[in-house]
Amino acid sequence: STPQMARIVGYTPAGLRKNPNSERLQGKLQELVGLTQRLKVLFDGNLGHALVWLKAPHPDLEGKTPLRCLEDGQGDAVELLVYAMETGQPL
C-alpha cells in the first residue's frame with residue numbers, strides 16, 4: 001500500500017505522490033524493488049510466497065515481520081537475513 005511504501009522509503013504518502021521522480025526516492029525504490037526481486041528468486045519465482053515471508057514474524061528479527069523492520073528503518077537487518085538465505089550462511 002502507499003502508506004507502507006512511504007514509510008519504508010522515508011516519505012509521507014503525500015510526499016511520495018508529490019515527488020515520485022525525485023532522485024532520493026528513486027534510489028530507495030530501486031533498493032526495495034531489488035530486495036523484492038531477490039526474494040522472488042529465493043521463492044522459485046513466486047512473488048506471493050515472497051510477500052507472505054515479508055508479512056510473517058521472524059525469530060531472527062526478534063519476532064518482528066521483515067515488512068515491519070523495513071517500515072521501522074531496519075532494512076539492514078532484513079538485508080542481512082536475505083543475504084543469509086541466499087548464501088546458506090547462518091546469522
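The buried residues of helix H4 are covered by, among others, helix H3 (23–42), helix H5 (66–71) and helix H6 (75–87). Cover here is a matter of contact, meaning heavy atoms within 4.5 Å. Helices are DSSP runs of H or I with at least four residues, numbered from the N terminus. Buried means under 20% relative accessible area, exposed means over 50%, and partly exposed lies in between (1.4 Å probe, protein chains only).

This is a predicted model, in which local features need pLDDT of at least 70 and side-chain atom pairs count only at pLDDT 80 or more, while totals for chains, interfaces and linings use all residues. Residues are numbered from 1 along each chain as its sequence is written, and side-chain values use heavy atoms, with hydrogens and water left out.

Start with H4 itself. This helix spans residues 47–55, and its buried residues are Ala50, Trp53 and Leu54. Seen down the axis of H4, these buried residues fall within an arc of 100 degrees, so they line one face of the helix. The arc is taken from the directions that run from the helix axis to the C-beta atoms. Val52 and Lys55 are exposed on the other side of H4.

How is the N-terminal end of H4 capped? Asn46 does it: one of its side-chain oxygens lies 2.9 Å from the backbone nitrogen of Gly48.

Most residues other than glycine have a negative phi. Asp44 is not a glycine, yet its phi is positive, at about 50 degrees. Asp44 sits in the loop between H3 and H4. With 75% relative accessibility, Asp44 counts as exposed.

A second case is Glu62. Its phi is also positive, about 55 degrees, although Glu62 is not a glycine. Glu62 belongs to the loop between H4 and H5. Its relative accessible area is 75%, so Glu62 is exposed.

Now turn to the charged side chains. Side chains of opposite charge can pair when their charged atoms come close. A salt bridge is a side-chain nitrogen of Lys or Arg within 4 Å of a carboxyl oxygen of Asp or Glu. By this rule the model has 6 salt bridges.

One of them joins Glu86 and Arg38, whose side chains meet at 2.7 Å, N to O. Glu86 lies in helix H6 and Arg38 in helix H3, so this pair ties together parts that are 48 residues apart in sequence. Glu86 counts as partly exposed, at 35% relative accessibility. Arg38 is also partly exposed, at 22%.

Which residues are linked in a network of salt bridges? They are Arg7, Lys64, Arg68, Glu71 and Asp72. Take Glu71 and Arg68. Their side chains meet in a salt bridge at 3.3 Å, N to O. The two residues are 3 residues apart in helix H5, which means they are separated by about one helical turn. Arg68 is partly exposed, with a relative accessible area of 41%. Arg68 also forms a salt bridge with Asp72, where the closest N and O atoms are 4.0 Å apart. Asp72 counts as partly exposed, at 41% relative accessibility.

Is Glu71 buried or exposed? Glu71 is buried, with a relative accessible area of 10%. Leaving out residues up to four places away in sequence, Glu71 touches Gln4, Arg7 and Ile8.

At 42% relative accessibility, Arg7 counts as partly exposed. Arg7 and Pro66 are 59 residues apart along the chain, and their C-alpha atoms are separated by 13 Å.

Finish on the surface. Leu80, Tyr83 and Leu91 form a nonpolar patch there, with about 330 Å² of accessible area together. Leu80 lies in helix H6. Patches are made of residues with over 30% relative accessible area and no salt bridge; like charges are joined within 9 Å, and nonpolar side chains (Val, Leu, Ile, Met, Phe, Trp, Tyr) within 5 Å. Accessible areas come from the Shrake-Rupley method with a 1.4 Å probe, and for residues only the protein chains shown count as cover.

Terms used
A polar contact is a pair of N or O atoms within 3.5 Å; within protein, one must be able to donate a hydrogen and the other to accept it, and residues adjacent in sequence count only if both atoms are side-chain atoms.
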